[in-house]
Amino acid sequence: MDKQSGSQVAQDAAEERVDLFRRALGPFVVAAEHTRMAMIFTDATMERHPVVFANDSFLSLTGFRREDILGHGIAYLLKEVTDPSTLSAIETALGTGESGTWEAQCRRANGSEYLATVFLSPVPDAQGVIRQHFLCFVEVSGRIERLLGQRDQFNALYEQAPGFIAALDGSEHLFTFANASFKRLVGRDDLIGKRVVELFPDLAEQGFIALLDRVFQTGQPFVGNALPIRFPTANGGSRLSYINFVYQPVKDGNDKITGLFVEGYDVTAERLAAEQLSLLQGEVTHASRVNAMGMMAATLAHELNQPLTAISNYAAGSFRMVEGSPDHAEALGEALRAIEEAAQRAGHIIRNVRELTKRGETPKTQFKLKLAVTECVRLVRAGSETFATLVERVPDDLSVFGDKTQIQQVLINLLRNACDAVGSGPGGLVTVDASRRGGEVVVAVTDTGCGLSLEAAENIFTWTDSSKEGGTGLGLSISRTIVEAHGGKIWLERSDDSGSQFCFSVPEQDGSAPTPTT
């Protein structure tokens, strides 16, 4: 038999098998012939399950002629390009009559390859006996190519990203991508296809390989902030960097972890800048402490001036009384008591400043405001050369809650300023009033001086160099700090040609506290 005759016999036999198959399945085969889905049928009753039908879409996909594949087993369409385990799984399903889905590398008549998803389903007859197997081939090569193209686009985008990015594949953490920032971070270009531990064995000692393993095994991302990491340098040394980064697991369609995505930023410069800033802040803090010591010294000088002046004046008067006449015992006793009060006040001021520097707060008590004002008026009279009349108009039952020494400092500052405003001539008047207003006590110090200039009024509570001889410029600035620390406020109520009025508020007596006795 010549070659042409043999080909004709094969073609006739193929057509006969197709006719038998057509008669067995009838209209279904007619529909299958014209569908755009590539499909074949195999004979489940024969050994090796030969192909008994292939529609036009399958022939178009593969380039085979119908007579080339009819009578051949499934391996004929897959062999040489499909991994043995996939081929074995398909043949096993054919033998057991099970359904299945696989991705397999298939071959065309010209020997080229294409990737397809293969669907297998048994076809039983009316009695439930499996007579044929139906196999459908859906080419996914184009989809893979599109995905690869998208991956290349993403890689191009990642390449220009300011942060470092890398992709690792498998449990061995093989580099499949690393952008320019990542390569600069690690100081190497030869990354793709190599394992992390192979390129950077020092990372294992630093614990980073263990972190990669943990994320790959558990699927839990890891986020690191400003973590130190050492990379080897070309001269055999190492370079310390600080990085913010995330290890993110990558999963396939079956939720299986296939690799890791690494992304982050090199924050070494920011870390070094922060450390430098910390050093500068330490220097500033030190300078602030030095300045605070200067402020404390100025505060002591300012606040101690009044009681020390009073002590000096009372002492001088006492000496004159002793020298002039022995009959001034009562007056001398009063002067000595005033000296004692002034000395005790100086001690209170020193202790108060010390408490401020030690704890950051001072103890507060309830005290009678009238008694505190009386003490302040007496000290101002003794320590001032003014001829102004000082008048107290404070209710006997009015109490405040706060630090008595500090409140008296505010009062003395305001009284001294008021006395200075009326001058040393006769006729000047300074009054102290107090009243309750909405849970607070408001104290007002009023003088009949010449008032303040607009510029002085605007900056009255700001620390400036004093225009007074021997002054520090701290008086009203300290007063403002004290009042605000008590939860109150201080303000200039009015100032004109008829004089000025300064007011400040402090908390009223706490109703739950015991009644004050001093």
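## The Arg65, Glu67 and Asp68 network

In this predicted model, salt bridges join Arg65, Glu67 and Asp68 into a network. Within that group, Asp68 pairs with Arg65, and the closest N and O atoms of the two residues lie 3.2 Å apart.

## A link between two loops

Arg195 and Glu172 form a salt bridge in which the closest N and O atoms are 3.0 Å apart. This pair connects distant parts of the chain, since Arg195 sits in the loop between α8 (180–186) and α9 (196–199), while Glu172 belongs to the loop between β6 (164–169) and β7 (174–178), the two residues being 23 residues apart.

With a relative accessibility of 32%, Arg195 is placed in the partly exposed class, and Glu172, whose relative accessible area is 42%, is partly exposed as well.

## The Asp496 and Arg494 pair

A further salt bridge is found between Asp496 and Arg494, where the closest N and O atoms are separated by 3.6 Å, a value that falls within the 4 Å cut-off for such a contact. Asp496 has a relative accessible area of 35% and is therefore partly exposed, and Arg494, at 32% relative accessibility, also counts as partly exposed.

## Salt bridges in the whole structure

How values were computed:
Residues numbered from 1 in each chain as written. Predicted model: local features only at pLDDT ≥ 70, side-chain atom pairs only at ≥ 80, totals over all residues. Heavy atoms only, no water. Salt bridge = Lys/Arg side-chain N within 4 Å of Asp/Glu carboxyl O. Helix = DSSP H or I, 4+ residues; strand = E, 2+ residues; numbered from the N terminus. Buried < 20%, exposed > 50% of the residue type's maximum accessible area, 1.4 Å probe, protein only.
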